[in-house]
Amino acid sequence: MTKKIEAFIREEKFDDVKKALHEIGIVGMNVIEVHGHGRQGGITLAWRTGTYKVDMLPRYQLNIVLSDHNVEKTVETIRQAACTGKQGDGLIFIYPVEDVIRIRTNERGRDALTYEGDIDAIQPGKK
Ligand SMILES: Nc1ncnc2c1ncn2[C@@H]1O[C@H](COP(=O)(O)OP(=O)(O)OP(=O)(O)O)[C@@H](O)[C@H]1O
Ligand SMILES: [Mg+2]
């Protein structure tokens, strides 16, 4: 079973998260700059002239598609590297993935996701 991890993290934590992911053998990933808010609905800034609200804050959306059995390890790696303990640290979503097609070779599913040295290239119980 293939899953997609979608993590919304602080921009300043991206380098730490990327490094931690490389260390556990994550190769394929992509990142998008997004604007959004969580349950606080943004932040209120105080100026001498008064306060105003910034409702859509910048975050990085990190996307990783990988095998089921590597999800927990990957999520925990992201969580630890992205955590400051303050509000706005982000959220991680996990979705099922129907299929993957590598355009160049027309490989599908696991074959299309396997890179040399990647966490997914190592199958439990197989050599
Ligand atoms: N329900 C949601 N759907 C999609 N994206 C969301 C949702 N909630 C938050 N996000 C995205 O996640 C980012 C981080 O959210 P945030 O960390 O503020 O979550 P939170 O639930 O409010 O947690 P905290 O209480 O730690 O602030 C947001 O800036 C937004 O981009
Ligand atoms: Mg929040």
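An oxygen atom of ligand 1 sits 3.2 Å from a polar backbone atom of Gly36. This is a predicted model. Ligand 1 takes up the space of the largest pocket. Elsewhere, the count comes to three aromatic pairs, and side chains such as that of Asp89 make polar contacts.

**Ligand 1 and its surroundings**

- The contact with Gly36 involves the backbone of that residue.
- How much of ligand 1 does the protein bury? Taken alone, ligand 1 exposes 610 Å², and the protein buries 71% of that.
- There are 13 residues around ligand 1. Those that come nearest are Arg39, Gln40, Gly88, Gly90 and Leu91.

**Aromatic pairs**

- The model has three aromatic pairs. In one of them, Phe8 and Phe93 have ring centres 5.7 Å apart and planes at 90 degrees, so this pair is edge-to-face. The cut-off behind that label is over 60 degrees between the planes.
- The Phe8 and Phe93 pair links distant parts of the chain. Phe8 belongs to strand β1 (residues 2-9), while Phe93 belongs to strand β6 (residues 91-97). They are 85 residues apart.
- Is Phe93 buried or partly exposed? Phe93 has a relative accessible area of 35%, so it counts as partly exposed.
- Phe14 and Tyr60 form another edge-to-face aromatic pair. Their centres are 5.2 Å apart, with 80 degrees between the planes.
- This pair, too, links distant parts of the chain. Phe14 is in helix α1 (residues 14-23) and Tyr60 is in strand β5 (residues 57-67), 46 residues apart.
- Both Phe14 and Tyr60 are buried.
- Which residues do ring pairs link into a cluster? They are Phe8, Phe93 and Tyr95.

**Ile92 in strand β6**

- Ile92 is part of strand β6.
- With a relative accessible area of 29%, Ile92 is partly exposed. That value falls between the cut-offs of 20% for buried and 50% for exposed.
- Ile92 and Ala7 are 85 residues apart along the chain. Their C-alpha atoms, however, are separated by 4.2 Å.

**Asp89 in a loop**

- Where is Asp89 placed? It lies in the loop between α2 (71-82) and β6.
- Asp89 counts as buried because its relative accessibility is 14%, and the cut-off is under 20%.
- The side chain of Asp89 has a polar contact with the side chain of Arg10, at 2.8 Å.
- The side chain of Asp89 also has a polar contact with the side chain of Thr84, at 2.7 Å.

**Thr77 in helix α2**

- Thr77 belongs to helix α2.
- The relative accessibility of Thr77 is 14%, so Thr77 counts as buried.
- Which backbone oxygen lies 2.7 Å from a polar atom of the side chain of Thr77? The backbone oxygen is that of Lys73.

How values were computed. Residues numbered from 1 in each chain as written. Chains lettered and ligands numbered in written order. Predicted model: local features only at pLDDT ≥ 70, side-chain atom pairs only at ≥ 80, totals over all residues. Heavy atoms only, no water. Phe/Tyr/Trp six-rings, centres within 6.5 Å; stacked < 30°, edge-to-face > 60°. Helix = DSSP H or I, 4+ residues; strand = E, 2+ residues; numbered from the N terminus. Buried < 20%, exposed > 50% of the residue type's maximum accessible area, 1.4 Å probe, protein only. Near = heavy atom within 4 Å. Polar contact = N/O pair within 3.5 Å; in protein donor to acceptor, adjacent residues only side chain to side chain. Areas by Shrake-Rupley, 256 points an atom, 1.4 Å probe, with all protein chains shown as cover. 1 Å grid on protein atoms, 1.4 Å probe; cavity = no way out; pocket = protein on both sides within 12 Å on 5 of 7 lines; lining within 4 Å. Sits in = over half its atoms within 2 Å of the grid points.
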